[in-house]
Every structure is written in C-alpha cells, then in structure tokens.
Amino acid sequence: MKKYTSLNDIENLSETIQKAIQLKENPYQFAHLGKQKTLVMLFFNASLRTRLSTEKAAKNLGMQVSVLNITNAWSMEFEDGTVMNVNTSEHIKEAAQVISQYADIIAVRAFPTLKDKEKDTAEIVLNSFVKYATVPIVNMESATDHPLQALADAITITEKKTTSKPKVVLSWAPHPKALPHSVPNAFVHLMHRMDVDFVITHPEGYELNPEVTKGFHIEYNQQKAFENADFIYAKNWSSFNEYGKVLNEDSNWMITEEKMGDGKFMHCLPIRRNVVAEDAVLDSNNSLVIEQANNRTFAAQVVLQEILTNL
Amino acid sequence: MKKYTSLNDIENLSETIQKAIQLKENPYQFAHLGKQKTLVMLFFNASLRTRLSTEKAAKNLGMQVSVLNITNAWSMEFEDGTVMNVNTSEHIKEAAQVISQYADIIAVRAFPTLKDKEKDTAEIVLNSFVKYATVPIVNMESATDHPLQALADAITITEKKTTSKPKVVLSWAPHPKALPHSVPNAFVHLMHRMDVDFVITHPEGYELNPEVTKGFHIEYNQQKAFENADFIYAKNWSSFNEYGKVLNEDSNWMITEEKMGDGKFMHCLPIRRNVVAEDAVLDSNNSLVIEQANNRTFAAQVVLQEILTNL
Amino acid sequence: MKKYTSLNDIENLSETIQKAIQLKENPYQFAHLGKQKTLVMLFFNASLRTRLSTEKAAKNLGMQVSVLNITNAWSMEFEDGTVMNVNTSEHIKEAAQVISQYADIIAVRAFPTLKDKEKDTAEIVLNSFVKYATVPIVNMESATDHPLQALADAITITEKKTTSKPKVVLSWAPHPKALPHSVPNAFVHLMHRMDVDFVITHPEGYELNPEVTKGFHIEYNQQKAFENADFIYAKNWSSFNEYGKVLNEDSNWMITEEKMGDGKFMHCLPIRRNVVAEDAVLDSNNSLVIEQANNRTFAAQVVLQEILTNL
C-alpha cells in the first residue's frame, strides 16, 4: 500500500480484514516493523477516537508518533500563484514537503467547510498533501471520506455477521447541527466492496452525492428499509444538494429499540443519545458501537503495517 | 490497587511511601512492568506539574502515554436519559468505554465548577469515568480531591520530618481568585492517615467541607496555630459555605518568614509570591515546594506500578 | 556543551557541522545516548518545524519527549519582588525549578513582544530559564535569536557551497505583518563565524540591532548587494529602531528569479509566496528551503547529543 486516502487503496479487502482480525489477537507481533520510523499526525480538527486509536496502532508497530494540532487548515494556502499578503502564511507546497522531512508517514485530518461544495468535493487539503508530500499519506477523515472508519466497520461486520450475505441499512438520523458526509460516504464505499444486501434510507432532500451512491437503492420509508435488517448503521448528515444545510430534525427518524428488531446497531460515535438513537438502542446487547471503536485500532494498524512494508 | 481516585485506595500508606522512596533511588527498576501498556491522560483543565510528572512516571515504567486535552468537560453529557439536542455531543457512557479500548489505565483531570456545589461534591466527572470505564481510573485532580498531590506530600513529610509525631498546620492564605478545595481536602485526608499533630487555621467563613475536617481542630488565630509547627502547608481556597466565593483577601494571612519560625514550608504550586507567601519564605532553605514537586513523579509512579501489578 | 542558547555555545563550529553531517548519514548511531533521559519542550508560541524536528532529533537519540504548550509566557512572572495579585499566577523561579525535576534538558520557545524593546533585548524569558532551571536549556527561538535555525543554515551552506569563501547576502523582504528579529540576528551571528563574504541589504530604517551587525557592510541597494551572490537568504523583519513597526511593504524588495541569478535561495520558512519571494524562486532547483528544514533535525540532534554527553 502506497497511501491510504480511500478504501480504493485496499486491493484485497477480505484479506486486509483477516489480517486486522489476526492483529487483534496479537497486536504486538510486528512491534519491530516501525522501529526508527515516525508517524506525524496532523489535526486541523479535533479528534478523540481517531487520535487515540491511530496513535496506539502506530506504537503497537513500534513507531515514533508526533501529534500536531493545527487550529485552522485555511490559514494554509492551497491555491497556486496566490499573492499571500492577506491571511495565509504558509503554502501547502512547503508545509507538505517540510513535514515529509520529519515523517515516514503523514496522517491528516481536515473536515469540510460545508459551505464551499466545490472545494470540499475536490478534497483540496488531502489531495494537496498527497501531491506535495514525499511520504505516504493516511486519511484520518477528510472533507468527504473516512476510510479508517470504513475499514473498522468492515472488520466489525465481518466479525458479527451470522449469514453469508447480511442485509445492511444505512439510515439518516436527526441531529441539531450540520454534519459532514464523510462517514456515510465512507460506509457506502465499503458497501460497494462487501457481499451484502444494502439499502440507504433518509428523508427526501438528504440524498448523498449521487456519484457515491450510484447503483444502490434509496428507500425513503425507514420502516420498510429496516425490514429484516441484520445491521443498521445510523448517521446524521447535512444536505448535499442544499449544501451543508439542516433541512429536517424530525425525531420520527430517531432509531428506537422497536424499529431495530433483531438488527445490530452501528454508529461511528460520538452520538447524541435520544436524538440520533434512544438509550435502549445504545444500551442493548445488539449495539456494536464499542466494538467499532475498538476495531479502529486494528484498522489503523493494518493500514500502517501495509504502508511500512512498502516503504 | 484497582484504581486511584482517593487516598482510600491506598491500603497501607507507610508501605506505599517507602516503596515510593525506593523508586526515587532507582526510578527505572520496573521499566518493563508497563511494556505494551498505555496510559491515556485526559485533561479537561490545564496542567504543568501533574502532566509532566505523571507522564514521566508512566514512561519510567515503560508505558506508552497519550495525552489528550479536552477543552470543556461540560460539553460531555453526564446525566442519564437526557435528550442530547442542545450543547452536549457525547455521553460519558460512550466516551469512557471507548477510551477504555485504547488505554490500560485512564488518568483524568477535571476541576470543579465552583458554582454548582452539589455537582462538584458528587464528583460527577470522576465517578462517571469510574462507573463506565472498563479500565482503572487515576485521579489527576478532581472537583474535590487531589490524591496524587497528597501522596507526594506524604513522601515529603516522611523524608523531612525530624520527630516521630510532627506538628503540621494547614493554613489558608489570601489569593485574588476563587480556587478549588481539592488540595486542602486531599491534605486533610492525608492527615487522617499520618501520625501527626494536625491543626487547621483560616479566617471564619472559610471552613472546608465538615465531612472532610471532622475530628480536627480548627484554630481561627493563625499565630496560635503556628506555634511550634514543624510543617506549615499554605493554600488558598474559596468558601465552601458561600460556595466558590472569595470572602477575604486579607494580606495579614500571608505566610511570612517571621511567622514560619523554624517550620518547614509546603505548598502544592503554582504559588503567587508576596500574596500567598512572601519571597523570603519561598527562597528559604526551609521551603520544601520543589521537593514536593519532585515527589509528584514518584507518587504517580508508585500508584501506576501498583495498578499495573493488578491488571 | 552546557546549554544552547546562542551560537556562542558552540566552541568549534566547523567540527559541529561535520558531526551533524555524519549524523545525517546515520541518525540512529547514538540511539542509546538519551536512554532514560527526558527532553521537555515548552512552547509559549506555535511551532511546526522546530517542534517536529527537535522532537525527532531527541527521539533519534533515544530520549523521552514531553511537549507542553503554554498559551502565554506573560502570565508567568519574571520580575523579582512583585506582589503577584493581578495577572501572573506562577513565578519563573518555581516554574523553571519544577520543570527541572521532570526534565534532563528543557527546550524553550518564547517570541518577543515586539512592543517592549528593553524586555525583548534582555531576553527575560530565556535568561530566566537559564538562571533558575537546574538542567541545560535549549533555545527553540527566543525574543532575539534562533540558534537552532542558524546551525541548520550552517550545515546547509557547508553542504551546498562550491567555493571556499562564498558570497552570502541577507536580504530583507516585504511582509504584511510585524515579524521578530530572531532569524536575521541568528543568521548574522552565524556569518560572524563562517568564512564568507557577507553583505546585508534592506531599506533604510530596517537596520538590525547594531550590536549584532557590527563589522558588516550594509548595502541599501538590493541589486548591487545581489551581484555575484552564491547564497541569498531572504527574511522579513520589523523595524528595530521604530521598534516592532512595519515601515515599508514595497514589493520591489520581493525576491524574484531574475534578481537571483545563479544564487541559491535560503529562507527559514514559513514563507509567504509572491510576497517575500515569487513562486519561480521557491520552485527553482536553486531553492534550498526544504534542505534547510531537513537540516533542522540534525542541528537539534548534534546539540542534544553534545549536551547529553556533558550531563
């Protein structure tokens, strides 16, 4: 693996999942692979799970880790040819090359603006790092994708499925704030790669980027979508068409125990209780959210391991 | 030791103190005990001494350390059953369980509100971590206690005492800001466990929580309290009765060289010079404040060591 | 080496440069020198290059590293005898001694006020750490100096020079904000120590501290200064005479490809493109800025190594 900016960087997904499951059993078996190698983790946005799990994954592999919080990605210049006499004080060309001097792998988190659809869709921050850095880049959640989360979810579904082709539903759920499309996009990308019966459900107006969901059935009736579901993945996102807008906070879309039936509940966390899903869902034995969080470590570890092997 | 949230978690105090003193002589003797173990340090409030000493203690034991600053504990939800559609975005139930996936021990710092006496006294943040985390919790200063400071003070007194039952005075001192009760409470808890002649002195209205000071003599005359004192522990705190209020900034309560006599001076730091104590006190050979700070490392290390041994 | 607060702490510069160049070839040859030693890095100001390169250097030597961001140096008290009842909450006397309990070496970054010339010139923060700390201090950019940058520049010039006595020009360049004198001062200090033909060029009114530039020719005509230059070091700084003021943003002083001729371009970064220097300069093969950034690691490493050897 030369980089991990999207799930496309994984050639053989089921093989990668199996490697991660083996790592989970013995996380320190490759503790010398990262010796004298440095991971620089750059956060343009706050992080709890991604920060702790990726740091742990790197250290499990024996890597050195530097964590750098940069308050605002947009004080960095991403355009070519700009006269930088206003707000931006460093060009990504220099920044990415410079950080590459101190890192063997660079991991980057940079959320979308949710205001400038074109900029977000172009993944300017992530792609600029890929373009100008001279070391491999790992995506720790970008404007439109979150492939480490998707890989953790792949591990979780593989571990917990009881049929060869489970029914998986991605359901929009209410939330008071405008949230990115990164996690739902990442999950849809994953569904393209797994042998599942996949349905997306959300209120009208909440269609994700059609380039992403192409080929999947969108069912606007949540109840119908949930019938016989093995896994229900809940997530809020803001509108893609009316870009970054909250169109609807209808609590009828909240995930309830009754709606879940025997399905297993998934969510990337953090989750607002009794808004996205009711307490009974999260406190049920059918909730997989802590398992998903745990698998973040092994998703990151298998990715770092694959990249280290190719350095 | 299963956790360290208060001095009560130490069964045999004098034995623990002796272990810490031995660690001080050879800090790396257990450098393999923490191998492949991770300490996650969560700071809801700023830290210098606690941060550096606890991190060093963990690394002396060979642990991996992740430090996470979280700006505001109160954007986390601590109540059960809340509809989280306003300010809080993650419930402690998830947060504590998730962090437990990445940590073998979690250390938490969360100061009091000094506004909501009931909430502070209930130690909601600390106790919620204890309740929901699946790994041991270490208190790096909570709403009402600071047991790592108390243990460092215990080591310092043990090292510096010249009589078998020294006279120890805890004296309130002036300060322009409202400060927590954590350190004085922790010190009083300690005094219950050591063989000392203990007196508390402060202006009227500054009584600490009577549950904490029960059984000890409060002397409102500072001069009388200081007579023949071997150790004088100075600390400001805000009123407990008029919760979180500054009632008095009377500089007559400042600790002076003259008042000290031959007593040894203690303070947890940071200290405002010429407000809490005059320069001559801090610059005297009788000041133990730097020794106390140094002992923070070995207090933390003996605690982590005891917990690691029981994992 | 007992400390590294200025280039004066290097006795034999060319020997130190050669050591750094050897380290670059095999950065891990002294990986056990820093075992069980801790570097505490204190940042009163933001940092990217210095943070990552110094941390990496320390870890290459096997040291433990703690990074502490302290928002504001000026909430620390640096004056003697002050009654600290207003804004400052900890005196440098305690802070420096306390941090010395947890560190074998302390590295400090503290920028100038650019308002109080006397305070800045006196290097109060840095010198207070030197005075009160009980372990060696490393300057990671202070009010008036940046000797780690200077050493990296020394390595770069040594590696890239093609004549025994190259012509080196330090040129002021425009910038919209008031910047410190640390980097230009450090570079001038370096020029005093290297066998070069050195010229300083800037608009009138931008004279650096004459104590620093004493003995060097100042040429107000940039074009004339650049004639036959082997190395052109560009940097903005604010006025020293009209302390901290931006007197001039004349874009005629911007470094262009045409002006450069065959000279090699140097800058400490970050750099505002098309303000300080045009794109063509930075994108040219004659730009050494990434090499300079890379050499920051080995400058820091040779310094830490020399200090560790003397502990």
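Which helices of chain A each supply at least two residues of the lining of the largest cavity? In this predicted model, they are helix H4 (117-121) and helix H5 (124-132).

**View 1. A close-up of the largest cavity and its lining.** We're looking at a space of about 90 Å³, lined by 13 residues. Nearest the centre of this cavity you'll find Ala110(A), Glu123(A), Ile124(A), Val125(A) and Ala143(A). Helix H5(A) gives the most to the lining, with 3 residues. Sorted by class, the lining has 9 nonpolar residues, plus 3 charged and 1 polar.

**View 2. Chain A laid on chain C.** A turn of 120 degrees with a shift of 0.0 Å along the axis puts chain A on chain C, and the RMSD is 0.0 Å. The two copies are thus related as by a three-fold rotation axis.

**View 3. Where chain A meets chain C.** The two chains bury about 2400 Å² between them, and 54% of that is on carbon and sulfur atoms. Chain A brings 27 residues to the contact, and chain C brings 26.

**View 4. A salt bridge between Glu90(A) and Arg49(C).** The closest N and O atoms of this pair sit 2.9 Å apart. Across the interface of chain A and chain C, there are 3 salt bridges.

Definitions and conventions
Residues are numbered from 1 along each chain as its sequence is written. Chains are lettered from A and ligands numbered from 1 in the order in which they are written. This is a predicted model: local features need pLDDT of at least 70, side-chain atom pairs count only at pLDDT 80 or more; totals for chains, interfaces and linings use all residues. Side-chain values use heavy atoms; hydrogens and water are left out. On a 1 Å grid over the protein atoms alone, a cavity is a set of points where a 1.4 Å probe fits but cannot get out, and a pocket is an open set with protein on both sides within 12 Å along at least five of seven lines; lining residues have an atom within 4 Å of a point. Grid points are joined across faces, edges and corners, and a volume is the space filled by probe spheres set on the points. Helices (H or I, at least four residues) and strands (E, at least two) are DSSP runs, numbered from the N terminus. Ala, Val, Leu, Ile, Met, Phe, Trp, Tyr, Cys and Pro count as nonpolar, Asp, Glu, Lys and Arg as charged, and the others, Gly among them, as polar. Copies are superposed by least squares on the C-alpha atoms of residues with pLDDT of at least 70 in both. Contact means heavy atoms within 4.5 Å. Buried area is the accessible area (1.4 Å probe) that two parts lose on being put together, summed over both. A salt bridge is a side-chain nitrogen of Lys or Arg within 4 Å of a carboxyl oxygen of Asp or Glu.
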